[in-house]
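This report describes one protein structure, from individual side chains to the overall fold. Please consult the sequence and the structure shown below.

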Amino acid sequence: MSETIKQTRLDNGLTILSEHVPYVRSLSAGILVKTGSRYESIEEAGITHFLEHMLFKGTATRNSFKLANDIESRGGMINAGTSHEYTIYYVRGLDNELSTILDVLSDMIINPIFPAEELEKEKKVVIEEIKMYNDSPDDFVYEQFISQIFDKHPLGRPILGYEETINEYSREKLYAYMSKFYSPNNMIVSVAGNVNHDEIVDLIQKQFGHLKAVDEFQKTDEIPAFTKDRVVLRKEIEQTHLVIGRRALSSNSDDRFKFLLMNMILGVGFSSRLYQNIREKYGYCYSINTINQSFYDTGSFAVAAGTDEEYVDHLRELIFAEFKKMAETPVSFEELDSAKAKLNGMLLMGQESLNNRMNRMAKSEMYYGRYISLDEIEQNINKVTEEDIQSFCQDFLNPDFYSETVLLPSENE
């Protein structure tokens, strides 16, 4: 693939990626499983995330303390994360601990025992996690917005699930879910740091080589047609929260670089148009920014802001006024050049994190089936013109495609 990035695929379909970074004394290793909340039935809602928690609760040879201590006592850190489309288990550690790091990660995924007592305790933990997010107005209103634009599709459900589904989880349900998705041909092992690719392959072959591939994976539900909507909610909070957004681009859309640059210009950073022309000019909000997500076949885009209930209507008008400007008037060469520099800079600075390198390799393989170099990305970014941005905005920023979620403070007695 390149002088520093190598790939091997085992006979059972498991993909192994590594990037050799010789000037560090550490590594980041991850095992990405290509399953997330979008593959759950309504009865399973939240099970992918709950399973991620339970894989830390012990194996046949390590209890939960030993799983963590075998990494942390050697100077490392272990963690995991669940998204709509993948789950990743990862360790940041020293390069001379590669064998132990891969052994712990493999053990978690291959040999979980799901102790009954731990399962019941973890139900309480995840329910408290749900309450924590619900107590955060920013998280709560954005989750409601996603639910709104994806209607009854699994992409619109919270990754954490619901209290009623969590209480129904059992060891049998966890093992059944694993049997559908935790197959070697649905996994990617990614390691970045001062590592040797052949050593990684040898270690992973010993751990995963005996596992059999699954012939067919569960299909995700078809996404329903988008319906423009406005939802008003109330909660016991001080500030009003406004989210205006729409369905957006898939991860492999031909227009994704135009979209990323438009997003930079409109709502990323203190120099963005939304921040300068609304926050700085009028003082109507403390923060205002854009949020975008991309999936295999669709995506989401939103403008999020917190303000006083008195200013909501004016804030909405100002946001759509910025949309109109971008659609009617080409951005200047200087503004586009600045956005390109900002986007390229974020990518390059991200390379200073081994976790980012490891993640980028795995997700590049998952979404594109190949490693996409920073040079290739930079070339695609730099090809975008002022006219490209305007043409894209004329369609994408059309107010007819935008839904709205408003979270207002509860009415006084």
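Predicted model: local features only at pLDDT ≥ 70, side-chain atom pairs only at ≥ 80, totals over all residues.

Phe 320, at 22% relative accessibility, is classed as partly exposed.

The protein holds 20 aromatic pairs. In one of them, the ring centres of Phe 320 and Tyr 402 lie 6.3 Å apart with the planes at 90 degrees, so the pair is edge-to-face. Distant parts of the chain are linked by this pair: Phe 320 belongs to helix H11 (residues 312–328), Tyr 402 lies in the loop between helix H15 (386–396) and S11, and 82 residues separate them. Elsewhere, ring pairs connect Phe 259, Phe 301, Phe 392 and Phe 396 into a cluster.

## Strand S8 and its partners

An antiparallel pairing over 9 bridges joins S8 to strand S10 (residues 299–307). Within S10, Gly 299 stands opposite Ala 248.

S8 also runs antiparallel to strand S11 (residues 403–409), to which 5 bridges join it. There, Leu 407 of S11 is the bridge partner of His 241.

## The surroundings of Ser 18

Ser 18 is part of strand S2, which covers residues 15–20. Its relative accessibility is 3%, so Ser 18 counts as buried. The side chains of Ser 18 and His 197 are joined by a polar contact of 2.8 Å.

When neighbours within four places in sequence are left aside, the contacts of Ser 18 are Thr 4, Ile 5, Lys 6, Val 191, His 197, Ile 200 and Met 361.

## Overall fold

The protein contains 15 helices and 11 strands. Its radius of gyration is 23 Å, which agrees with the value near 22 Å that a compact globule of 413 residues would have. Along the principal axes, the C-alpha atoms fill a box of roughly 60 × 55 × 40 Å.

Of the 413 residues in the protein, 51% are buried. Among contacts with a separation of 6 or more, 81% are between residues 24 or more positions apart. The accessible surface of the protein comes to about 19,400 Å², and carbon and sulfur atoms account for 47% of this area.

Methods: Residues numbered from 1 in each chain as written. Heavy atoms only, no water. Helix = DSSP H or I, 4+ residues; strand = E, 2+ residues; numbered from the N terminus. Buried < 20%, exposed > 50% of the residue type's maximum accessible area, 1.4 Å probe, protein only. Polar contact = N/O pair within 3.5 Å; in protein donor to acceptor, adjacent residues only side chain to side chain. Contact = heavy atoms within 4.5 Å. Pairing = 2+ DSSP bridges. Rg over C-alpha atoms; globule rule 2.2 N^0.38 Å. Areas by Shrake-Rupley, 256 points an atom, 1.4 Å probe, with all protein chains shown as cover. Phe/Tyr/Trp six-rings, centres within 6.5 Å; stacked < 30°, edge-to-face > 60°.
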